[in-house]
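Work through these exercises with the model open beside you. Try each task before you read its solution.

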Amino acid sequence: MGRRIVAILSALALIAGGCRASSDQAASLPPAPDRTSIAEVREALDDGVTIVVARTLSGIDERLVRDAFARAVAQGERDFGPRPTRAITIYVDPDSAIGLEDAIGLSQKNAIHLRASYTRAMSSLLPLMMHEYTHVLQYQI
């Protein structure tokens, strides 16, 4: 019984040490390469991204939407490799838009549709943009 307890405690110590080592390594990871910096991605995409805001909406910060897209592209490049090969259109639709009743966002080939209420803050926009941008990459591949 005593040997079992020692073996279990030893295993737990090894696991805890391994977890600590990985979190230390994660904290010291080098920064993303320059080719995926947000500023560089934003500049490279400026001509290839069109944002269309529904006429009935006001107060949509297109810079925020563009920044979220640039962040998604940079993360996508780090995670998967490719960037978009075609121009992307991002539509900001009213929350009540027909076809969006059951979704907060939709994507199809080279278009991303976002519900307006999710474009008001980066905290709600970025996860949605990353999700929809992943679908754009799937269509591309």
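Helices here are DSSP runs of H or I with at least four residues, numbered from the N terminus. The model is a predicted one.

**Exercise 1. Which helix holds valine 65, and is valine 65 buried or exposed?**

Step 1. Find the element. Valine 65 lies in helix α3.

Step 2. Apply the cut-off. Buried means under 20% relative accessible area. Valine 65 has a relative accessible area of 0%, so it is buried.

Step 3. List the contacts. Set aside the neighbours within four places in sequence. Valine 65 then touches Ile51, Ile60, Ile90, Val92, Leu114, Thr119, Leu125 and Met129.

Step 4. Look along the chain. Leucine 126 is 61 residues away from valine 65 in sequence, yet their C-alpha atoms are separated by 8.7 Å.

**Exercise 2. Describe how helices α3 and α4 pack.**

Step 1. Know what to report. Two packed helices are described by the angle between their axes and the distance between the axes.

Step 2. Locate the helices. Helix α3 covers residues 62-80, and helix α4 covers residues 122-140.

Step 3. Give the two values. The angle is about 50°, and the axes lie 9 Å apart.

Step 4. Name the arrangement. Angles under 35 degrees count as roughly parallel, and those from 65 to 115 as roughly perpendicular. The α3 and α4 pair is therefore oblique.

Step 5. The crossing of α3 past α4 is right-handed.

Step 6. Find the residues that touch. On the α3 side they include Leu64, Val65, Ala68, Phe69, Ala72 and Phe80. On the α4 side they include Met122, Leu125, Met129, Tyr133 and Leu137.

Step 7. Sort them by type. The residues of this contact comprise 14 nonpolar, three polar and two charged.

**Exercise 3. How many salt bridges does the structure hold, and which residues form them?**

Step 1. Count. There are two salt bridges.

Step 2. Take the bridge of arginine 71 with aspartate 67. Their closest N and O atoms are 3.0 Å apart.

Step 3. Arginine 71 and aspartate 67 are four residues apart in helix α3, so about one helical turn separates them.

Step 4. Arginine 71 has 35% relative accessibility, so it counts as partly exposed. Aspartate 67 counts as buried because its relative accessibility is 13%.

Step 5. Take the bridge of glutamate 77 with arginine 83. Here the closest N and O atoms are 2.8 Å apart.

Step 6. Glutamate 77 is buried, at a relative accessible area of 7%. Arginine 83, at 21% relative accessibility, counts as partly exposed.

**Exercise 4. Where does valine 136 lie, and is valine 136 buried or exposed?**

Step 1. Find the element. Valine 136 lies in helix α4.

Step 2. Relate valine 136 to alanine 111. They are 25 residues apart along the chain, and their C-alpha atoms are separated by 7.5 Å.

**Exercise 5. Summarise the protein chain as a whole.**

Step 1. Count the elements. The protein chain has four helices and four strands.

Step 2. Along the sequence the pattern is α-α-β-α-β-β-β-α.

Step 3. State the buried share. Of the 141 residues in the protein chain, 32% are buried.

Step 4. Consider sequence separation. Take the contacts between residues at least 6 apart in sequence. Of these, 63% join residues at least 24 apart.

Terms used
Residues are numbered from 1 along each chain as its sequence is written. This is a predicted model: local features need pLDDT of at least 70, side-chain atom pairs count only at pLDDT 80 or more; totals for chains, interfaces and linings use all residues. Side-chain values use heavy atoms; hydrogens and water are left out. Axes are lines fitted to C-alpha atoms, for helices over the stretch in contact, and angles run from 0 to 180 degrees between N-to-C directions. Helices (H or I, at least four residues) and strands (E, at least two) are DSSP runs, numbered from the N terminus. Angles under 35 degrees count as roughly parallel, over 145 as roughly antiparallel, 65 to 115 as roughly perpendicular and the rest as oblique. A crossing is left-handed if the near helix is turned anticlockwise from the far one by less than a right angle, and right-handed if clockwise. Contact means heavy atoms within 4.5 Å. Ala, Val, Leu, Ile, Met, Phe, Trp, Tyr, Cys and Pro count as nonpolar, Asp, Glu, Lys and Arg as charged, and the others, Gly among them, as polar. A salt bridge is a side-chain nitrogen of Lys or Arg within 4 Å of a carboxyl oxygen of Asp or Glu. Buried means under 20% relative accessible area, exposed over 50%, partly exposed in between (1.4 Å probe, protein chains only).
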